[in-house]
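Okay, thanks for coming, everyone. Let me put the model up and then walk you through a few spots in it.

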Amino acid sequence: MSFFRMQGSFIDNLPKIYGLYTGGFLIFIGLMAILEQVGVSADTIGILFVAFTIVIYALIGWLSRTMQVDAYYVAGRAVPPVFNGMATAADWMSGASFVAMAGGIYMGGHGYLAFVVGWTGGYVLVAVLMAPYLRKFGCYTVPDFIGTRYGGNLARFLAVLVLVIASFTYVTAQINATGTIASRALNIPFEVGVWFGLLGILLCSMLGGMRAVTWTQVAQYIVLIIAYLVPVIWMSNKQGFGVIPQFVYGDAVARIVELEPMLGVGQLKPAADVAKSFPGLAALTTLHAEAGTGMAAWKFVTLVACMMLGTASLPHILMRYFTTPSVRAARTSVAWSLFFIFLLYFTAPALATFTKLQILDPNLATSIIGKAISEVEALDWIQKWSAVGFLAVSDANGDGILQVNEFFMRGDIVVLATPEIAGLPYVISGLVAAGGMAAAMSTADGLLLAIANALSHDLYYKMIDPKAETKKRLIVARVLLIIIGGAAAFVASLKLTSILGAVAWAFDFAMSGLFFPLVLGVWWKRANRPGAIAGMAVGLGVGSWYLYMVRFAGMEPWIGIDHLRFGIIGASASLISMVAVTLMTKEPDAETQAMVDEVRIPSGNTILGSSH
């Protein structure tokens, strides 16, 4: 019984605490499986899964409540590297990663692997260019670094502006994901589901700030990785490919390549009048093995670049490395983050492949293409997802047989619907819903906190009321959390773009305004305040203009750089303007240049004191 006896501090007992938590969660899954066997309804099991996990997260948030500035903003800088790696992975495993990425690969083929490559590669940039040096600086937020490194309120304000635009765009995608999951698991309208998801997010983050979010995110990572791996391993084994899907799905891809031409994928397009009847839904009309062209390769490379530079610019991710005990721990933490992220990203293409095979392969009992429309419409999962507007079937040619261009679906539901598509026990669907909710909530927690902390610390405390006492600063932060969360839920309910599309925009905004001011702030001591201001203002302005012109004003994209890649234009403008203005203006004073030299030494004391 010594395992259950806690000795020492909370930090010392983290392995035991989360070991017990993981065991308890597995027991809960077993209990739900028993309830399913004795006849408890699928809807009840789905509700229990989502409710149980949200209650656990809210409890962690409540127990981690604090009124200490250091604990609220940076978790007391006491988070061990392994657990910070798990929390960062959860912060990173957004609704896009968990819910939408495999769906993008499912609908669009290998081109969508650019997201996987870019997001993973971005962490290499974080490790090499950013994390240890920002931790050495000792700031609370990303605008805090910009404001202190370059000096002046205008630079700090522009950093806050970029952070708010990028993070708000990103958080709407996460709340969109929570609404998608809640609408199916709880059988409520999507527009109500987004508010339900927001409530859970606020319960996790409002009382304890970064400390509460950190320990909640560790718990959420455990849930989401179990939920992601179980269905794909089960499907792989059920289809006869073995229990290590990441290494064998090439055989499944080969089978899909055989089936797609036979079924008309890439040849049969949906009738225009039918397609218009299902806005937001798409038919499977893209060949899995797309022809490689020069433009396709260019689009792949530019999307990878946007995701990499965007990753290294995202304030809610960089904030996580402010919470480690030391500079060395920050660097180690990045390595652990990559490992925990790798577990999911290495699995996403396999999940997309096996799910597509479940639908297309006539040798599998779950296949629907080529079956009678009436038979398909009678399937429980078709009815349930159709009822909440995420799926539709149409007999466009009137032959009573379902063709590949008559099955419409939102890519966002591929992961969530996979257990039902594969005919797995409903307890697995409940588990996946809980995992998806964990992924979206964990990222939304970090994003809302990044926005609220930047506004309360950098805008309110540093610029408006420098004499504000601790209690007042934290109350302002919590009120801002509620206001921003409510605004994001409202925007998400409008369904302006897909989850993956909103996330790509967030990355582009972040890289347009922040990447070069951050990198050059660490690596070029000649970089000065006018240059940084020009870099942020011009980068954000030009990037936003290009997005508007291409996406909404009908302008033809320049050399294939569409609205998902506008960060290429914004970041290029940012670099050119920052370097040009810096070289035309006075260099920073000797003290600032000495500070930059000290930042680049990844050891020693933190530059900003604890009184900061």
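Predicted model: local features only at pLDDT ≥ 70, side-chain atom pairs only at ≥ 80, totals over all residues.

Residues are numbered from 1 along each chain as its sequence is written, and side-chain values use heavy atoms, with hydrogens and water left out.

Let's begin with a loop. Isoleucine 559 sits in the loop between helix H23 (529-551) and helix H24 (567-584). What is the phi of isoleucine 559? Positive, about 40°, although this residue is not a glycine. Isoleucine 559 is also exposed, at a relative accessible area of 57%. For the cut-offs, buried is under 20% relative accessible area, exposed is over 50%, and partly exposed is in between, using a 1.4 Å probe and protein chains only.

The axes of H23 and H24 come within 7 Å and cross at roughly 155°. Those axes are lines fitted to C-alpha atoms, for helices over the stretch in contact, and the angles run from 0 to 180 degrees between N-to-C directions. H23 and H24 are therefore roughly antiparallel to each other; the scheme is under 35 degrees for roughly parallel, over 145 for roughly antiparallel, 65 to 115 for roughly perpendicular, and oblique for the rest. Their crossing is right-handed, meaning the near helix is turned clockwise from the far one by less than a right angle, with anticlockwise being left-handed.

Next pair: H10 (residues 209-238) and H20 (residues 426-464) pack at about 150°, axes 8 Å apart. That makes H10 roughly antiparallel to H20 as well. Here the crossing is left-handed. In the contact of H10 with H20 you get 17 nonpolar residues, 7 polar and 1 charged. Nonpolar there is Ala, Val, Leu, Ile, Met, Phe, Trp, Tyr, Cys and Pro; charged is Asp, Glu, Lys and Arg; the others, Gly among them, are polar.

On to salt bridges. How many does a search of the whole structure find? It finds 11, where each one is a side-chain nitrogen of Lys or Arg within 4 Å of a carboxyl oxygen of Asp or Glu. One of them joins arginine 156 to aspartate 144, with the closest N and O atoms 3.1 Å apart. That pair links distant parts of the chain, 12 residues apart, with arginine 156 in helix H8 (residues 153-185) and aspartate 144 in helix H7 (residues 142-150). Are these two buried or exposed? Arginine 156 counts as buried at 7% relative accessibility, and aspartate 144 is buried too, at 0%.

Then there's aspartate 380 with lysine 384, closest N and O atoms 3.8 Å apart. They are 4 residues apart in helix H18 (residues 380-387), so about one helical turn separates them. Aspartate 380 is partly exposed at 45%, and lysine 384 is partly exposed at 22%. Asp43 joins in here: Asp43, Asp380 and Lys384 are linked in a network of salt bridges.

Last stop, helix H4 (residues 81-92). 10 of its 12 residues are buried, so H4 is largely enclosed by the rest of the structure. The buried ones include Phe83, Met86, Asp91 and Trp92.

Definitions and conventions
Helix = DSSP H or I, 4+ residues; strand = E, 2+ residues; numbered from the N terminus.
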